[in-house]
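User: Can you walk me through this one? I'd like the salt bridges first, then the rest.

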Amino acid sequence: MRNAPTYLDEMRDPDGLDLDLAALKAYWEPALLTNSDNSPPVFSPILDRIASALPQSERHVYVGGGHAPHVALPQEYARVTLPYALAGEQG
């Protein structure tokens, strides 16, 4: 319920569901795409489309991570995401 106003704002944004694949194709650095095995079903096809525009991307599925894997699986989340975050700082 705390996030309901934000969700409503997102749904009212006329561009909120647009996906600019051409702009994504211009991105050449490493990318990590993640979801959980129990994420809402709509997420996986969206990640598939993003992955098609980012052939250099890697995918990771958190088992049992839900919508907030950083909360449900903090150690795995850190292990998976930190290399990407740290690589960006060294660039």
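**Salt bridges and surroundings**

Analyst: The side chains of Arg 59 and Asp 48 form a salt bridge, 2.9 Å from N to O. The pair links distant parts of the chain, with Arg 59 in strand 2 (residues 57-62) and Asp 48 in helix 3, 11 residues apart. Bear in mind that this is a predicted model.

User: How many salt bridges in the whole structure?

Analyst: Two. Besides the Arg 59 pair, Arg 79 forms a salt bridge with Glu 76, and the closest N and O atoms there are 3.9 Å apart.

User: Where do Arg 79 and Glu 76 lie?

Analyst: Both are in helix 5 (residues 74-90), three residues apart, which is about one turn of the helix. Arg 79 is exposed, with a relative accessible area of 55%, while Glu 76 is partly exposed at 23%.

User: Why would side chains like these pair at all?

Analyst: Side chains of opposite charge can pair when their charged atoms come close.

User: OK, back to strand 1. What does Asn 35 touch?

Analyst: Asn 35 lies in strand 1 (residues 31-36). Leaving out residues up to four places away in sequence, Asn 35 touches Ser 44, Leu 47, Arg 59, His 60, Val 61 and Tyr 62. So Arg 59, the salt-bridge partner of Asp 48, is among the contacts of Asn 35.

User: And is Asn 35 buried or exposed?

Analyst: Asn 35 counts as buried, because its relative accessibility is 12% and the cut-off for buried is under 20%.

User: Which residues does Ala 51 touch?

Analyst: Ala 51 is in helix 3 (residues 43-53). With residues up to four places away in sequence left out, Ala 51 touches Leu 33, Ser 57 and Arg 59. The C-alpha atoms of Ala 51 and Leu 33 are separated by 7.6 Å, and the two residues are 18 apart along the chain.

User: Switching to the surface. Which residues gather in the patch of negative charge?

Analyst: Asp 9, Glu 10, Asp 13, Asp 15, Asp 18 and Asp 20. Asp 9 is placed in helix 1 (residues 4-12) and counts as exposed, at 52% relative accessibility.

User: Which residues form the nonpolar patch?

Analyst: Tyr 7, Met 11 and Leu 17, with about 380 Å² of accessible area together. Met 11 is in helix 1 and is partly exposed, with a relative accessible area of 42%.

User: What about charge over the whole chain, how far apart are the mean positions?

Analyst: The chain has 6 positive and 12 negative charges, and their mean positions are 4 Å apart.

User: Now the overall layout. What pattern does the chain follow?

Analyst: Along the sequence the pattern is α-α-β-α-β-α-α, from five helices and two strands. The C-alpha atoms fill a box of roughly 35 × 35 × 25 Å along the principal axes.

User: Last one. What share of the contacts join residues at least 24 apart?

Analyst: 61%, among contacts between residues at least 6 apart in sequence.

Notes. Residues numbered from 1 in each chain as written. Predicted model: local features only at pLDDT ≥ 70, side-chain atom pairs only at ≥ 80, totals over all residues. Heavy atoms only, no water. Patch = residues over 30% accessible without salt bridge, like charges linked within 9 Å, V, L, I, M, F, W, Y side chains within 5 Å. Areas by Shrake-Rupley, 256 points an atom, 1.4 Å probe, with all protein chains shown as cover. Salt bridge = Lys/Arg side-chain N within 4 Å of Asp/Glu carboxyl O. Lys, Arg positive; Asp, Glu negative; His and termini not counted. Charge placed at Lys NZ, Arg CZ, Asp CG, Glu CD. Helix = DSSP H or I, 4+ residues; strand = E, 2+ residues; numbered from the N terminus. Buried < 20%, exposed > 50% of the residue type's maximum accessible area, 1.4 Å probe, protein only. Contact = heavy atoms within 4.5 Å.
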